[in-house]
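These notes are meant for someone opening the model for the first time. Please read the numbered points with the structure on screen.

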Amino acid sequence: MSQYMKNEWLVIIFAFLSLAIILSPVITEPVFADRYITYEDKVNIKKEILEKTMSDLQAYPKIFPQYIQSVQVIDPQKNLAKMKVTFPFSSEWQIKYNALADGKYAIEVTSGDLKGTKMTTTLQKIAGFDGTPNAGTKVRMDLALQLPWFYSVFISDDSIRYGLDLGLSKFENYAKKA
């Protein structure tokens with residue numbers, strides 16, 4: 001056997017072994033990928049109105065009807081709720097929500113397929129788009145996303161930012177109607 005053919009066989013064997021290792025069910029616990037995403041934007045709505053809308057969990061199924069089926073506050077003293085979501089597939093999450101100091105609002109998924117995910121939203125008064133003092137809001141979302149590895153492979157940071165942008169737009173539109 002020539003040296004070239006030996007090297008070719010080594011490459012083929014290495015490739016198959018690599019695939020076998022990658023595809024083998026060696027992992028016995030779910031693996032999660034940490035993603036840290038920051039998103040900032042400005043909206044032409046007063047901070048207080050946007051804050052009231054974002055903190056009204058019962059309105060989420062109306063704001064996001066294609067993604068959130070229901071929200072049930074299960075322990076208002078501990079700020080716990082159950083959320084049935086339909087994206088990307090039907091799932092139920094338990095969440096803990098808190099209004100923090102300095103215009104911050106936090107949601108943490110405590111059970112479900114995104115367990116450990118935390119999002120802190122900071123709202124800051126700014127001038128409205130027409131220059132009216134305190135008629136607009138600067139929004140910053142800091143997302144620590146705990147994705148199962150199989151989601152992580154297919155979801156880019158840009159698509160997550162797009163989702164945050166779309167969500168903020170839906171909050172803004174709902175708040176303007178309320």
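1. Met83 has Trp93 of strand 4 standing opposite. Strand 3 (residues 80-85) and strand 4 (residues 91-99) run antiparallel and are joined by six bridges. Along this pairing, Lys84 stands opposite Glu92 of strand 4. Two strands count as paired if DSSP finds at least two bridges between them. Helices (H or I, at least four residues) and strands (E, at least two) are DSSP runs, numbered from the N terminus.

2. The model is predicted: local features need pLDDT of at least 70, side-chain atom pairs count only at pLDDT 80 or more, and totals for chains, interfaces and linings use all residues. Residues are numbered from 1 along each chain as its sequence is written, and side-chain values use heavy atoms, with hydrogens and water left out.

3. On the other side of the pairing list, Val71 stands opposite Met83 of strand 3. Strand 2 (residues 68-75) pairs with strand 3 in the antiparallel sense, over six bridges. Leaving aside neighbours within four places in sequence, the contacts of Met83 include Tyr60, Ile68, Val71, Trp93 and Ile95. Contact here means heavy atoms within 4.5 Å.

4. Which residues have the most contacts inside the largest nonpolar core? They are Leu50, Leu57, Tyr60, Met83 and Ile95, in a core of 34 residues. A nonpolar core is a set of buried Ala, Val, Leu, Ile, Met, Phe, Trp, Tyr and Cys residues joined through side-chain atoms within 4.5 Å. Buried means under 20% relative accessible area, exposed over 50%, and partly exposed in between (1.4 Å probe, protein chains only). In soluble globular proteins, nonpolar side chains tend to be buried together.

5. The hairpin of strand 2 and strand 3 has four residues between the strands. Asn79 lies in this loop and has a phi near 55°, a positive value in a residue other than glycine. Asn79 counts as partly exposed because its relative accessibility is 23%.

6. Strand 4 also pairs with strand 5 (residues 104-111), in the antiparallel sense and over six bridges. Ala99 has Tyr105 of strand 5 as its bridge partner. The two strands form a hairpin with four residues between them, and Asp102 in the turn has a positive phi of about 60°.

7. Asn134 is not a glycine, yet has a positive phi of about 55°. Asn134 is found in the loop between strand 6 (118-126) and strand 7 (136-148). The relative accessible area of Asn134 is 42%, so this residue is partly exposed.

8. Is Thr121 buried or exposed? Thr121, a residue of strand 6, counts as buried because its relative accessibility is 3%. Not counting residues up to four places away in sequence, Thr121 touches Met54, Gly103, Lys104, Tyr105, Val139, Arg140 and Met141.

9. Helix 5 has 21 residues and reaches 31 Å from its first C-alpha to its last, close to the 30 Å expected at 1.5 Å a residue. The expected span is 1.5 Å times one less than the number of residues. The buried residues in helix 5 are Ile160, Leu164, Gly167, Leu168, Phe171, Glu172 and Ala175. They lie on the same side of helix 5 because they cover an arc of only 135° around the axis, where the arc is that of the directions from the helix axis to the C-beta atoms. The face turned away from this buried side carries the exposed residues Asp158, Tyr162 and Lys177.

10. Asp165 belongs to helix 5 (residues 157-177) and is partly exposed, with a relative accessible area of 32%. Apart from neighbours within four places in sequence, Asp165 is in contact with Tyr39 and Asp41. Asp165 and Asp41 are 124 residues apart in sequence, and their C-alpha atoms are 8.0 Å apart in space. The side chains of Asp165 and Tyr39 make a polar contact (2.3 Å). A polar contact is a pair of N or O atoms within 3.5 Å; within protein, one must be able to donate a hydrogen and the other to accept it, and residues adjacent in sequence count only if both atoms are side-chain atoms.

11. For the protein overall, the secondary structure comes to five helices and seven strands. Their order from the N terminus is α-β-α-α-β-β-β-β-β-β-α-α. Of the 178 residues, 33% count as buried. Among contacts between residues at least 6 apart in sequence, 49% join residues at least 24 apart.
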